[in-house]
Amino acid sequence: MVQCDVRYMKVATDIHDDTETDRANEDSDGEQVTVYFKLPENRLQEKAEKRLTCFRVSVALVLLAIVLVFARLQWNKYWPDPDGLDISKEHDDHHQHTTMEEDDEHHDGEDHHHQHTALYHHAVVLTASANCSSIGKALLQEGGNVVDAAIASLLCLGVVHPHTAGVGGIFSAIVYNNTSGSLKTISSTAPQKSPVPSVLQGIRELHSQWGRSKWRRLFQEAITLAQEGFLIDDVLARALESHKEQIVVSKLCDLFCDATGRVKSVGAIVKNQNLSELLQSASLNENNFLETLAVKLSEDLSLSERPAFLAAIQQIRGEINDSVIVEGEKYSVLSASLPFSGQMLSDILEQVRQQSLSFQDGADFNKTSAAYRDLLNLIQLRNSSSLAQKYPGLVDTFSFNTQNSHIAVLDQSGNFVIMSASLNSTWGSGRFLPSSGILLNSFSANSRHFNFPLVLRLAQDDTSLNDDTEDSGEEKEVEVVAFTGGLSAVFNAAVLLHNRIDLRMSSKETLSSPLLHIEPEMTSGFCLSSILNDSDKYMRFSDVGHELEQVDECVDHSLSLLLRLHANHVAAHGAPATHAHIDGY
């Protein structure tokens, strides 16, 4: 029994009779009365049981949450990959850095999509679109590997940069597994004289070999962008402006012209509903999409063209090969668009060293253009028959101006993918297929190999050069550079090797040095680009009068990029800055 002690006082009242007055006189003032009452025992038990029930429910919910988290991790395959293409999740050290001044300053939680150089802990993605770099990062954070991130980024580029990438083009990639040391190249094969699309076939083969995420997941953001619309960025706006005469009189105007019939500009919204449906169909038919793709693409072809087109597209497959590595002095050539790239690179680098040519000062275009002019005169590219014999196929390269979209992904385990897609020239063949929302490429049998970038790996002894992070004795060290642009790529590679290896310049300084752009239509002279204050500057040099003229951009869209793993950090650098949007975590 529970005893409660309750006391009260008798209080005087103004209403009373004689009898009550007498009683009051008899009672002593301030009499206290104690009352006892008993609480039911079952109420106490009920309260105790409620508290116990709440405790049990709370514990059950916590355990359920833990089980769901582990189930989600297992579903997304966050655990180590037996093939080594794994992204570790070190949440206790989850932040990123910027290296604009080559220090190790931390900026927790910030994004650096629009910088041409960035440093992260886990993985980094570089593309020509901030949207697509962000999409690649999202795949990595979900547990996808570098292959998944590269494919998702490429599909995104096919939507937002249709003038250089997309389902209607061709595809190539180089894949490196740092755990096994395996280095593979993959490209989409096609009949000799047929510019048929081969991107989806190539990435399907790539994903079947090394992908981790679900096939349909790779298409998700690209489908949404095509369906709901995307904003035109600077890269696409320039391509539209430079080809506006052709676009306004073509079927492309349905996508890229406004209500007045003028080509759209930066910030305008573009939707491509039919492309969205094509990508959706491909995402849901991983094993049998080729037949659906062929039929869909042929809808806009004439009856006479369809049989050959359908036959050609059925023959396309992704072809995987071991990369042929050419060893140089403190570097290795991993892939190249030209068969003579390795030998020519060595010869140009030797000339740079012998003549002590300097390409360091990105701000001094006069000095740099003089150095490039001297180098080109030494090599005598356009006028030497002996060079044509030494480098078979050299003369043919002057007629090509292949434009590419590139993706580079590196993770903290040292695995990387460098991927390219191209329609050959800007806007490809110019032939737009409205039913599927794609552009057909203009590749011939002789020009398809130009889609491959020139990829070099620097010797590990040199990855400890003065750079973004402090030295740490960490075993995993990777530094790889890639160049596009045919002959321009070979010259830019030689200059980068000279600056990085001989002069021991940092990664950012190396990529900020002026790039050479050898333009097909120029019988003499060349174009240079450099990054000044994180912006691109273009100068065209003419042999006539040896004059420099500032231009909006070079016709040759050569690109240089660098991926680096050092001291538990991954970094990416790219030039020109307009084509180097970097994201990571």
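Which residue forms a salt bridge with Glu-241? Select Lys-244: the closest N and O atoms of Glu-241 and Lys-244 are 2.8 Å apart. A salt bridge here is a side-chain nitrogen of Lys or Arg within 4 Å of a carboxyl oxygen of Asp or Glu. Glu-241 is partly exposed, with a relative accessible area of 44%, and Lys-244 is partly exposed too, at 31%. The cut-offs: buried is under 20% relative accessible area, exposed is over 50%, and partly exposed is in between (1.4 Å probe, protein chains only).

Some ground rules before moving on. This is a predicted model, where local features need pLDDT of at least 70 and side-chain atom pairs count only at pLDDT 80 or more, while totals for chains, interfaces and linings use all residues. Residues are numbered from 1 along each chain as its sequence is written, and side-chain values use heavy atoms, with hydrogens and water left out.

Now zoom out to the whole chain. Color by secondary structure and you have 18 helices and 25 strands; these are DSSP runs numbered from the N terminus, helices being H or I with at least four residues and strands E with at least two. Of the 585 residues, 52% count as buried.

The structure holds 14 salt bridges. Go to Lys-137 and Asp-583, whose side chains meet at 3.5 Å, N to O. Lys-137 lies in helix H3 and Asp-583 in strand E25 (residues 581-584), so this pair ties together parts that are 446 residues apart in sequence. Both ends are buried: Lys-137 has a relative accessible area of 12%, and Asp-583 has 0%.

Next, pick Arg-217 and Glu-142, which form a salt bridge with the closest N and O atoms 2.7 Å apart. Arg-217 lies in helix H6 (residues 215-228) and Glu-142 in the loop between H3 and H4, so parts 75 residues apart in sequence are tied together. Arg-217 is buried at 13%, whereas Glu-142 is partly exposed at 30%.

**The disulfides**

Show the cysteines. Counting a disulfide as a pair of cysteine sulfur atoms within 2.5 Å, there are three.

- Cys-132 and Cys-156 are joined with S to S at 2.1 Å. Cys-132 lies in helix H3 (residues 130-141) and Cys-156 in helix H4 (residues 146-160), so the pair ties together parts 24 residues apart in sequence. Both are buried, and at -75° about the S-S bond the link is left-handed.
- Cys-253 and Cys-257 are joined at 2.0 Å. The torsion about their S-S bond is about -115°, so this disulfide is left-handed. Both cysteines are buried.
- Cys-527 and Cys-554 are joined at 1.9 Å. Cys-527 sits in strand E20 (residues 526-532) and Cys-554 in the loop between strands E22 (547-551) and E23 (560-566), 27 residues apart. Both are buried.

Counting bonded cysteines along the chain, the pattern is 1-2, 3-4, 5-6.

**Helix H13**

Last stop: select residues 341-355, which are helix H13. Its 15 residues reach 21 Å from first C-alpha to last, close to the 21 Å expected at 1.5 Å a residue (1.5 Å times one less than the number of residues). Its buried residues include Met-344, Leu-345, Ile-348 and Val-352. Step just past the end of H13 to Ser-356, which takes a positive phi of about 50°.
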